[in-house]
Amino acid sequence: MLHFGGDYNPEQWPEEVWDEDVALMRQAGVTIATVGVFAWSNLEPEPGRYEFGWLDRVLDRLHDGGIKVALATPTASPPPWFTLAHPQAMPVTADGVRLTHGSRDTYCVSAPEYRAAARTIAARLAERYAGHPALAMWHVHNEYGTDCRCDATAAAFRTWLQKQHGDLDTLNEVWTTAFWSQRYSDWAQILPPRATQYLPNPAHVLDFRRFLSDELLSGYVEQRDLLRAANPDVPITTNFVQGGWVSVDHARWAAEVDLVAVDHYPDDAGPGAEEETAFAGDLARGWGGGSWLLMETAPNLIYTRGRMHAKEPGRLTRHSLGYVARGSNGAMYFQWRQPRGGAELFHSALVPHAGPDSPVFREAVGLGRTLKSLSPQVADAAPRTARIAVTWDAPSWWALQGGGRPSADIDYLAAVRQAHRALFRSKLETDFVFPGVSTDALGDYRMIVVPHLYLVSDEAAAAFRDYVAEGGHLVVGHLSGIADPAGRIRLGGYPGAFREVLGVRVVEWHPQPPETEFALDDGLRASRWAERVETAGAQTLARYTAGVLAGAPAVTRNRFGAGSAWYLSTALTDDSLARLLRQVAAEAGVEPVLPGLPSQVEAVRRGDLLFLFNHGPEAATVPLPEGEVTVQGGGFRTVRPAGCGTPGGTPTGMSSSPGRSGGGR
Ligand code: GLA
């Protein structure tokens with residue numbers, strides 16, 4: 001069944017509002033409410049004094065209304081009394097400033113006092129609610145990500161390093177501590193990266209990022225295990241967050257949750273929002289192995305750069321179903337009712353300040369109906385149909401952040417998103433693979449695109465080589481294969497780990513200003529980056545045309561075994577990258593989802609169901625294998641085309657245009 005609902009914070013409202021909440025939830029077809037995420041100070045107003053009565057009444061009311069509950073542990077926001085009792089459990093910034101309460105996420109995950117308090121409140125909730133009939137899942141914490149550089153963190157970091165590296169000689173070697181006299185002669189000398197005079201050691205910073213991800217994960221696992229012990233049948237998860245500040249490696253975390261739950265907030269007001277939605281959905285599906293849940297998104301106003309933007313009619317529905325089409329088992333929002341005060345008082349909600357007589361609530365009611373009718377039609381997991389994958393690797397992202405890089409314009413996330421966007425605009429279905437975690441899935445794809453995969457292990461490099469040798473099509477972008485997992489450069493020429501399979505050797509980087517575009521001799525356009533490439537078996541497909549690199553190879557292809565490997569030594573523009581990736585896809589024998597799709601229409605397969613989204617204002621005609629269908633401007637349609645399920649391209653009856661409140665019948 002597809003979930004529909006979101007964060008519900010009844011503790012912010014008098015009880016008489018709760019009855020209206022449940023009535024409105026029923027009207028909207030809400031199936032699940034996430035309760036208690038930030039309710040610690042209401043649940044435990046004083047140390048050891050618990051008030052569960054209000055939560056009992058909330059859960060009972062929801063249950064009576066037929067609404068399930070994702071019950072959260074409130075550990076992302078300890079109450080003020082906790083801070084005052086345990087100041088040493090507050091996080092310390094890299095500058096040495098100890099933070100205090102007043103916001104949220106103010107805790108140090110390595111502080112024993114915090115961990116004990118988190119376990120206690122989670123255990124009390126488990127004791128009381130593990131058997132509650134409304135309980136459908138546990139939602140541990142909220143968006144794990146708090147960074148701390150305190151002494152407790154330092155101690156935990158050292159323990160992690162000892163496990164990782166064994167002895168100090170090895171650590172000194174892989175951190176290259178001979179540079180700038182950083183050799184450690186005692187574990188006690190190692191601190192978390194803190195404010196220092198000039199550039200920090202990048203290997204130290206990278207290991208700290210890995211440690212922090214593992215340390216936060218251990219905080220989750222500890223709560224998960226005690227919740228599981230209380231009732232092994234209730235699935236347990238925590239909400240992963242996507243975005244620029246992410247401090248954990250979700251590809252690794254995915255193994256520890258019963259279902260991957262993801263928060264996603266696109267921040268583009270224009271068509272970029274749909275591209276972001278597609279990216280997030282594909283990445284989440286990868287983490288979840290086909291199945292995941294959109295735990296939070298904004299129902300209406302989205303934070304764009306510097307101001308909020310109201311979603312146009314129909315966009316809430318299209319975005320929500322966009323995630324569902326990409327494997328989410330529902331659509332959930334932050335939040336149910338817009339608050340009267342508090343830090344996020346203008347953040348959008350399904351029931352806005354204006355009340356239910358509002359466009360967003362009306363659209364939510366229609367969306368609830370749509371999800372209900374879709375429920376029996378979608379499989380639990382989205383079977384893998386993409387033949388193209390893009391690589392994702394959080395440690396490579398982390399390694400490319402910070403100072404000392406060859407260009408301030410290097411942006412891992414932007415590079416991966418650009419690769420995905422180029423495929424999205426080309427209507428080519430895309431999955432993600434995680435070579436830092438496992439290379440087992442590589443062989444499932446005809447084509448793999450590798451943007452900025454800076455860190456590569458010997459094993460992963462060998463797996464990519466075998467992939468091509470056995471007939472795969474590999475497209476490697478610059479800044480890939482440069483270093484080993486510790487961040488040490490692979491010597492002898494870039495892109496070290498991929499030199500052999502690509503048949504090239506890069507002897508010099510030529511970073512370029514982002515504002516200047518330049519042309520290659522086959523018409524492709526690029527900016528930001530150039531390299532001196534020497535071919536060693538590869539064929540040159542495009543050359544630089546100006547400056548010291550004029551005439552030198554820019555884009556190459558190497559036939560290797562039964563497959564081919566392309567190298568892009570420069571940062572192609574969106575259009576040029578899309579053009580090149582379409583050529584590679586054609587060589588790899590990969591077709592777009594549907595031939596002849598109008599540019600504003602997105603088509604996504606989930607099992608035998610085809611979702612069609614018209615992101616433009618005008619109606620569009622979509623050719624199907626048999627016949628055609630019209631999708632209203634701003635609307636969507638689901639069909640079962642011939643060859644992927646029900647014969648005859650039968651419309652399933654699900655369609656909407658934004659003018660009609662609702663959608664679906
Ligand atoms: C995150 C949090 C929510 C809320 C939203 C706002 O996803 O989990 O509590 O702050 O962001 O967009």
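These legends go with a few close-ups of a predicted model. Residues are numbered from 1 along each chain as its sequence is written. In this predicted model, local features need pLDDT of at least 70 and side-chain atom pairs count only at pLDDT 80 or more, while totals for chains, interfaces and linings use all residues; side-chain values use heavy atoms, with hydrogens and water left out.

**View 1. Tyr107 and Tyr114 make a stacked aromatic pair.** Rings of Phe, Tyr and Trp (its six-membered ring) pair if their centres lie within 6.5 Å; planes under 30 degrees apart are stacked, over 60 edge-to-face, and the rest tilted. By this rule there are 32 aromatic pairs. For Tyr107 and Tyr114, it's 4.6 Å centre to centre, with 20 degrees between the planes. Both Tyr107 and Tyr114 are buried (under 20% relative accessible area, with a 1.4 Å probe and protein chains only).

View 2. Buried or exposed, what is Trp392? Trp392 is buried, with a relative accessible area of 6%. Trp397 is buried too, with a relative accessible area of 6%.

**View 3. One aromatic cluster brings together Phe157, Trp160, Trp175, Tyr184, Phe208 and Phe211.**

**View 4. Arg337 lies over the face of Trp13.** Arg337 is 5.5 Å from the ring centre of Trp13. A charge counts as over a ring if NZ of Lys or CZ of Arg is within 6 Å of the ring centre and within 35 degrees of the ring normal.

Terms used:
Buried < 20%, exposed > 50% of the residue type's maximum accessible area, 1.4 Å probe, protein only.
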